[in-house]
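Q: Hi! Could you walk me through this structure, starting from a single residue?

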Amino acid sequence: MKFPFKLPLLLDGGTGSYFLEHGMPRNVCMEEWICKNPSALLHLQQSYINAGAKAIYAPTFGANRAHLSLYNLENNVCQLNTQLVALSKQAAQPYGVPVGGSLSPTGLFVPPHGKADFDDIYNIYREQIRALTNAQVNFLVIETQTSLADMRAAVLASRSSNLPVFVTVTVDKSGKTMTNGTLLPIMITLQSMGIAAFGLNCSFGPEDMTPLINELAQHAKVPIIAKPNAGIPSNGKKEKGYQTPEEFANHIEGLLEAGATVIGGCCGTTPAHIAALKEMLEKRQDDFYSAEPEKQQADDYAAAIESESFFLTEHLTYSQPITCSIRLGDDFIEIDDKRANVALVEVNSIDDALLLAEYGHMSRLPIAVRAETLPILEAALRYFQGRLLIDSACCIEQKILKHTAEKYGAIIY
């Protein structure tokens, strides 16, 4: 989907960290607390807009069924999302500023990292996205994500909304997610599914985020988001504490030079930090152009598992067909990569599709799937966490095959 806003885009800053420092008790549901203290949110978001933010996030981050169940509020998804978006729109509409609906991780993990069902995760996101769409947000932001399964489920669930979708990931300093994913294959997978922007949020400060943004920008077909935190709060010992607004803005300049075009702040950032970013952008305005990033053909021909990207050559050679079994991981390892550069997997049932999803991360080669019916092919593409190839010899009408590949970001070969 085309990016809907002028670049560079300045977003807002921290919400949860701000409220914790301004009276919100710990161990409460932030979303419910905000609804009971609306003036606090209105003041903060109007302050961000006055500081220069050109888009703000409604504080719906944890307003999904999985998170709200921790507070026995799982039946309040629609109510809380509706109220929180209405408050944000009340703050934003007089200024003509768009409002995004924020979606957090569910905390559920599919095999091999957990026992959750992908469709359950999808339904959790679908419920919240329906509420956000009905509340008339302008875009969706799937943020602070730690698992490609959550990201893909949320992107698929967003399809009925026709809203632009931003995705931001949180990683450790080596660039790894909680499920051992890495940024480049995650971005390749998601931008092939049609997201509007991709990047990082939270994680750490801007100086540590810079090399990761630089790597992404070299392969991105969508704008890159950088929403770092301002460091960590001081505990009175050796820690320096949060960066000042001026320090933060100076470091964000490095992120812009690395390729980020959508910037803002996460934990520890305040309206003063956003004002400093606005001032910095105004000084650099001649350096930017309001155009989409140049599309790079390489990423149109790249497959992925959650932890690795496979940039494909023009000449692909399939392995002998592999049947799905509990030995699938071993079968991937044993492929003779001197004779084949793609692992071809036969998927004949829903159980086969689930086995491929569970063991696919063990492949050392890009994976192609062969299925004889559309429902089975769709299951393989839906449950696999990455970007697959589809064997064009499938006995499925080519027009339907092309539509299915586009839906899941797969490659037909």
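A: Happy to! Alanine 226 counts as buried, at 0% relative accessibility; buried means under 20% relative accessible area, exposed over 50%, and partly exposed in between (1.4 Å probe, protein chains only). One caution is that this is a predicted model, where local features need pLDDT of at least 70 and side-chain atom pairs count only at pLDDT 80 or more, while totals for chains, interfaces and linings use all residues. Residues are numbered from 1 along each chain as its sequence is written, and side-chain values use heavy atoms, with hydrogens and water left out.

Q: Switching topic: which residues touch the most other members of the largest nonpolar core?

A: Leu190, Phe198 and Leu356 do, in a core of 129 residues. A nonpolar core is a set of buried Ala, Val, Leu, Ile, Met, Phe, Trp, Tyr and Cys residues joined through side-chain atoms within 4.5 Å. Helix H7, residues 148–157, gives the most to this core, with eight residues. Apart from it lies another core of 14 residues, among them Leu11, Tyr57, Phe139 and Val141.

Q: What does phenylalanine 198 touch?

A: Not counting residues up to four places away in sequence, phenylalanine 198 touches several residues, including Val167, Leu183, Met187, Leu190, Pro223 and Ile225.

Q: Which residues of helix H13 are buried?

A: In H13, residues 350–359, the buried ones are Asp352, Ala353, Leu355, Leu356, Ala357 and Tyr359. What covers them includes helix H12 (328–334), strand E12 (343–346), strand E13 (367–370) and helix H14 (374–383).

Q: What about helix H11, how many residues has it?

A: H11 has 13 residues, 271–283, and reaches 19 Å from its first C-alpha to its last, close to the 18 Å expected at 1.5 Å a residue. That expected span is 1.5 Å times one less than the number of residues. Pro271, His273, Ile274, Ala276, Leu277, Met280 and Leu281 are the buried residues of H11. An α-helix has 3.6 residues a turn, so residues three or four places apart point the same way.

Q: Now rings! How many aromatic pairs are there?

A: The count comes to ten aromatic pairs. Rings of Phe, Tyr and Trp (its six-membered ring) pair if their centres lie within 6.5 Å; planes under 30 degrees apart count as stacked, over 60 as edge-to-face and the rest as tilted. Phenylalanine 3 and phenylalanine 5 form an edge-to-face pair, 5.9 Å centre to centre with 90° between the planes. Both of these phenylalanines are buried. Ring pairs also link Phe3, Phe5, Tyr57, Phe139 and Phe166 into a cluster.

Q: Is asparagine 64 buried or exposed?

A: Asparagine 64 is buried, at 0% relative accessibility. It lies in the loop between strand E2 (56–58) and helix H4 (65–68).

Q: Which backbone nitrogen does the side chain of asparagine 64 reach at 3.0 Å?

A: That of alanine 66. The backbone nitrogen of histidine 67 also lies 2.8 Å from a polar atom of the asparagine 64 side chain. A polar contact is a pair of N or O atoms within 3.5 Å; within protein, one must be able to donate a hydrogen and the other to accept it, and residues adjacent in sequence count only if both atoms are side-chain atoms.

Q: Last topic: which peptide bond has omega near -5°?

A: The one from leucine 7 to proline 8, which is cis. Another cis peptide bond joins proline 111 and proline 112, with omega about 10°. Most residues other than glycine have a negative phi, and most peptide bonds are trans.

Q: What phi does asparagine 27 have?

A: A positive one of about 65°, although asparagine 27 is not a glycine. Asparagine 27 is exposed, with a relative accessible area of 78%.

Note on methods:
Helices (H or I, at least four residues) and strands (E, at least two) are DSSP runs, numbered from the N terminus. Contact means heavy atoms within 4.5 Å.
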